[in-house]
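Please keep the sequence and the 3D view at hand while reading.

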Number of protein chains: 2
Amino acid sequence: MYRNDGFRELDRLESLRLLGTAAIGRIVHTRQALPAVLPVNFCLDDDGAVVLRTSAASELARAVDGTVVAFEADEVDRTARSGWSVVLTGAAEVVTDPAEHRRLARRGPRSWVAVPPRQEVFIRILPELVTGREVAGDRALHDAELGA
Amino acid sequence: MYRNDGFRELDRLESLRLLGTAAIGRIVHTRQALPAVLPVNFCLDDDGAVVLRTSAASELARAVDGTVVAFEADEVDRTARSGWSVVLTGAAEVVTDPAEHRRLARRGPRSWVAVPPRQEVFIRILPELVTGREVAGDRALHDAELGA
């Protein structure tokens, strides 16, 4: 969270509530020593962890397993000049426990199409740090940015 | 760009064209050794560089000046299950040349409200690597993700 930017900070609960309303988020990690970012579908687990479903054949799981990543979602209304942004930061882990895998298969993020169960893995991102910010339509924005 | 994910890759020109249509993008960098991500308003310069306007009082400029960052924008239609995502990666630099500053003040990203000129700085992100991906509504998505 940056200071001196004129935005209202959201507390953890409010941030998680908004995050739970988002359709798409973006996972931020490091790939080959460069910053990398990828939009993904997701859901929130009971403990506030972000859950992603990915293919066992994709590289994402290998890239983020055991590392600290950030996960961002936002919603911006250009016309009303209002919006919010939430960032969750924490360790990402590929779920290897069979019971946990089954639980997430039942309640994890919905697929847009069916995926053969053997090809899917789940990634959980622990909600170690959750920050959010909001700007309302009647608030004077400092400048062109939502968040800087 | 990850392989084995079933999405159509976009070439540089197509990616830059889509990026130019986005209202909001997200700058991805490192802050205190952690991945950080911030949604911002932006515009594209003639050479494809991303231009941000920020306050001299904000921490963003100091955090990213001289570092390699990623900049992401996307547009997803949940109902149609279609969308695109573009990531630009390159060095970020705070514009210090007075003539360049004046040029960007004329044509840079529009502010939502007026900002006193002395309080603003511009950040340019060079388009060293530009990648994009698209999924169409009639294409079978591998799973719940837009990009993994």
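The model is predicted. In chain B, seven bridges connect strand β7 (residues 82-94) with strand β9, and the two run antiparallel. One residue pair shows where they meet: Leu88(B) has Val130(B) in β9(B) as its bridge partner. Strand β9 (residues 129-135) of chain B also pairs with strand β1 (residues 8-10) of chain B, again in the antiparallel sense, over three bridges. Here Leu10(B) stands opposite Gly132(B) in β9(B).

**Aromatic pairs**

How many aromatic pairs does the structure hold over all chains? There are two. In chain A, the ring centres of Phe42(A) and Phe71(A) are 4.8 Å apart and the planes stand at 65 degrees, so this pair is edge-to-face. The angle counts as edge-to-face because it is over 60 degrees. Phe42(A) sits in the loop between β3 (34-41) and β4 (43-44) of chain A, while Phe71(A) belongs to strand β6 (residues 68-77) of chain A, so the pair ties together parts that are 29 residues apart in sequence. Phe42(A) is buried at 7% relative accessibility, and Phe71(A) is buried at 0%.

In chain B, Phe42(B) and Phe71(B) form an edge-to-face pair, with 4.8 Å from centre to centre and 65 degrees between the planes. This pair links distant parts of the chain: Phe42(B) is in the loop between β3 (34-41) and β4 (43-44) of chain B, and Phe71(B) is in strand β6 (residues 68-77) of chain B, 29 residues away. Phe42(B) has a relative accessibility of 7% and counts as buried. Phe71(B) has 0% and counts as buried too.

**Salt bridges**

Over all chains, the structure has 30 salt bridges. The table gives three of them, with the distance between nitrogen and oxygen.

| Residue | Partner | N to O distance |
|---|---|---|
| Arg26(A) | Glu72(B) | 3.5 Å |
| Glu72(A) | Arg26(B) | 3.5 Å |
| Arg107(A) | Asp46(A) | 2.7 Å |

The salt bridge of Arg26(A) and Glu72(B) crosses between chains, from strand β2 (residues 24-31) of chain A to strand β6 of chain B. Are these two residues buried or exposed? Arg26(A) counts as buried because its relative accessibility is 5%, which is under the 20% limit. Glu72(B) is buried as well, with a relative accessible area of 0%.

The salt bridge of Glu72(A) and Arg26(B) also crosses between chains, from strand β6 of chain A to strand β2 (residues 24-31) of chain B. Both of its residues, Glu72(A) and Arg26(B), are buried.

Arg107(A) is part of helix α3 (residues 98-107) of chain A and Asp46(A) is in the loop between β4 and β5 (50-55) of chain A, so the pair ties together parts that are 61 residues apart in sequence. Arg107(A) is partly exposed at 32% relative accessibility, whereas Asp46(A) is exposed at 67%.

Arg107(A) and Asp46(A) also belong to a network. Salt bridges with shared partners join them to Asp45(A), Asp47(A), Glu93(A), Glu100(A), Arg103(A) and Arg124(A).

**Cysteines**

How many disulfides are found over all chains? The search finds zero. Cys43(A) is buried, with a relative accessible area of 16%. Cys43(B) counts as buried at 16% relative accessibility.

**The largest pocket**

Rolling a probe the size of a water molecule over the atoms shows where empty space is left. The largest pocket has a volume of about 460 Å³. It is lined by 17 residues, and those closest to its centre are Arg26(A), Asp74(A), Glu75(A), Arg26(B) and Asp74(B). Which strands each supply at least two residues of its lining? They are β2 and β6 of chain A together with β2 and β6 of chain B.

Arg26(A) forms a salt bridge with Glu72(B), and Arg26(B) forms one with Glu72(A). Both arginines are also among the residues closest to the centre of the largest pocket.

Technical notes. Residues are numbered from 1 along each chain as its sequence is written. Chains are lettered from A and ligands numbered from 1 in the order in which they are written. This is a predicted model: local features need pLDDT of at least 70, side-chain atom pairs count only at pLDDT 80 or more; totals for chains, interfaces and linings use all residues. Side-chain values use heavy atoms; hydrogens and water are left out. Two strands pair if DSSP finds at least two bridges between them. Helices (H or I, at least four residues) and strands (E, at least two) are DSSP runs, numbered from the N terminus. Rings of Phe, Tyr and Trp (its six-membered ring) pair if their centres lie within 6.5 Å; planes under 30 degrees apart count as stacked, over 60 as edge-to-face and the rest as tilted. Buried means under 20% relative accessible area, exposed over 50%, partly exposed in between (1.4 Å probe, protein chains only). A salt bridge is a side-chain nitrogen of Lys or Arg within 4 Å of a carboxyl oxygen of Asp or Glu. A disulfide is a pair of cysteine sulfur atoms within 2.5 Å. On a 1 Å grid over the protein atoms alone, a cavity is a set of points where a 1.4 Å probe fits but cannot get out, and a pocket is an open set with protein on both sides within 12 Å along at least five of seven lines; lining residues have an atom within 4 Å of a point. Grid points are joined across faces, edges and corners, and a volume is the space filled by probe spheres set on the points.
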